[in-house]
Amino acid sequence: MPEASTAVFEKDNFNAEKYVKNLVQDCVGGPELQQTKQKIQSLSETVSSTLKKHVYENYMQFIETAKEISHLESEMYQLSHILIEQRNLLTTLRDESMLDDQKNIIEDQSLDPNVNEEQQNRKAIQLIKESLIGYKGNLDDKVFIHEGGLIELDSNDYRPICRIHLFLFNEVLVLAKVRNEKKLEFQTEYETKKIAVINIKDLDGVNKNAINVITSDGARMFQCINSAAKLEWIDKFEHAIKFHQLKKPKKAQAPQPPTSLKFEAPQKSTDSELLTLSPTASEMGRVIVENLPPEWLVTAPEEIQAEIAQRHFEDCLALLQKCEDHLAQDSTFHGAAEIGEKIKTLKGSLASVLMHELSNSQSRSLQAALRSSRRPLKLLVEMEKSREACGILLRVCTSAIRTSQRQARRNNLAVSELFFCDVALVASEFLRAFSAKASCTSALIVWCNMELQYFASQLIKHYLTKDTQLEMVAKVVEGVREPCLKLREIGLDLSYHMEGLLRSTLGQLLDEARYRLVDSIGRTEDPWQPYNLQTKTGLRTLLKEFDVLGIDFRAYVTGDTWINLTQATVSFCRHLLQTTESCAYLAKYDSLQRDSEMLIRELFLSQHSIKPPNSLNADMNFVAKNKTYMAEVLLPIAMKRFERIAGKKPDLLMELHTQLRTVPPKPKPRSVYQTDVL
């Protein structure tokens, strides 16, 4: 084949059929056609070989490119690491500059040092009230202790959130958010007796000079400008936390609480010095020595704070209980009240941290939330915080269940089975955690009822809407009933409540289905002739289909393809049994049994009462035969099917069957001839 022919193949308007016709016309005889075929075959092999070569070359280039991409990915990772380090450095510099720019309200204003501290305190409070935007609290009876600007950090990744200015008083801690115009906008306030401060260990490249303030809303993390400011804030917080324990004089300087518990042991005296002491003095010295607390109790508050910061909650609770037991046995030593108050405050802080830990599992799946909640739940129950803990746990479970329900609806999954499985999981975990707290069981019952109401409303909204087919309604209801009954295995029966929630909607759907189905009867004209299936295969298929439904038409088969009933009667048999099955599932609810039977009864009577028009010369014996079949064969089969599924006797259908048997139809006398061959 010449090379010019290759160019012909590459043209856009190349037509294979036209090209072959031209070849055939140009070739003379079979040998030339055979040579042309061999040349085309050779060209095809050459092109195929060239294509393989190009594919191999492309593959090798792809491998080389992949290697280059791998090296580039490694370099990008290194570059990303360098950028992260630079970002952390710039963030640190920015935070320090932000804190440097933020001036204190009181330090910027000149307070007259010649006036007493009470007047200075009033002046400071006045300046703070003027600088705060949106604050409506009362600071007049408070004692100002400290203020300063800090950076609030995210407790998960330690990233800066916003600039915060703190005003610390003897009774409250006021938080203000710093706006771009360096204005202070009031954010919130906390009582100092309900907060605790934890010193956070500095981590290189993550956070430095940070403190963790445990409040009633959870833990909040703040970053100070330097280590000196951090220590000062910790010291001032300790002042404020213990300030409310001391009584303030009405017209005198506010007392300053001690920064730490200090107990001075008496100096050692020689035997000669003890002899010179009076008996009373010696006895007082022994009392002072005996009233000193043990060293472990003095350092216990600091150890408890460290355990909370390191999330060693079990060890923290054990130490708290040990301190409480010791104080309960002996509270006569010097400083017992102060230590007791601090232990009480730290116990409240531990409870707040545990509840915050329990609430943090809200964004997880239900299984993960329950697993992560076991540890804080156990500790909270030991701390006698069962009521608060069970409330938080149930709120977390509510969020997880409703999220999984939304995902299941989007993915077209079985929402009913998922819901009741989740309820069973929550109930089992709840009873395990609060087995010793019988008073919490009522909270679980109330929660189950509330969740059941919400689930039923969503079920009606998405699956039981108007014009829903009866078969789909029965499928949805049966999908709810079976997993709901399984809850009885753990002692939780919600079936009656579930039936009550769905009763009204299901009743309306049954009424709508009854009107719709009865209205459809008789819409198609019936020739009142035997049913011809046209082929033997069609007849066999029909017989097998009705065998599954429990109906045997073989006694009514005539000829090769005929059934000695009308097509309308045969179709109605299928229709009635399918409707009976759907109604039987709904009739498992006692409140829906009568409505379900009424639908079947009216549907049957509508078909049974159809008569051929006067214009149609129909065989009345054949008409009577169809009606007799419906009353004597079809209706009993439907009754048995209803009873087998619903587990109840269909009283209305049994009554109807009795009525139809007592009044048999009267066939029209025949005067010509009889034919049952068809």
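Hi everyone, let's start with helix H17 (residues 495–520) and helix H20 (residues 593–608), whose axes come within 10 Å and cross at roughly 0 degrees. Axes here are lines fitted to C-alpha atoms, for helices over the stretch in contact, with angles running from 0 to 180 degrees between N-to-C directions. Helices (H or I, at least four residues) and strands (E, at least two) are DSSP runs, numbered from the N terminus.

A quick word on the source: this is a predicted model, where local features need pLDDT of at least 70 and side-chain atom pairs count only at pLDDT 80 or more, while totals for chains, interfaces and linings use all residues. Residues are numbered from 1 along each chain as its sequence is written, and side-chain values use heavy atoms, with hydrogens and water left out.

Back to our pair: H17 and H20 are therefore roughly parallel to each other, the label for angles under 35 degrees. On the H17 side, the residues in contact (heavy atoms within 4.5 Å) include Arg503, Leu510 and Arg514, and on the H20 side they include Asp595, Leu599 and Glu602.

Now a second pair. Helix H10 (residues 313–329) packs against helix H12 (residues 366–382) at an angle of about 5 degrees, with the axes 11 Å apart. H10 and H12 are therefore roughly parallel to each other too. Phe313, Glu314, Leu317 and Gln321 of H10 make the contact with Arg375, Leu379 and Glu382 of H12.

Finally, where is aspartate 560? You'll find aspartate 560 in the loop between strand S10 (557–558) and strand S11 (562–563). Aspartate 560 and lysine 536 are 24 residues apart in sequence, yet 6.2 Å apart in space, C-alpha to C-alpha. Beyond its neighbours within four places in sequence, aspartate 560 touches Lys536 and Leu539. Thanks, everyone!

Note on methods: Parallel < 35°, antiparallel > 145°, perpendicular 65-115°, else oblique.
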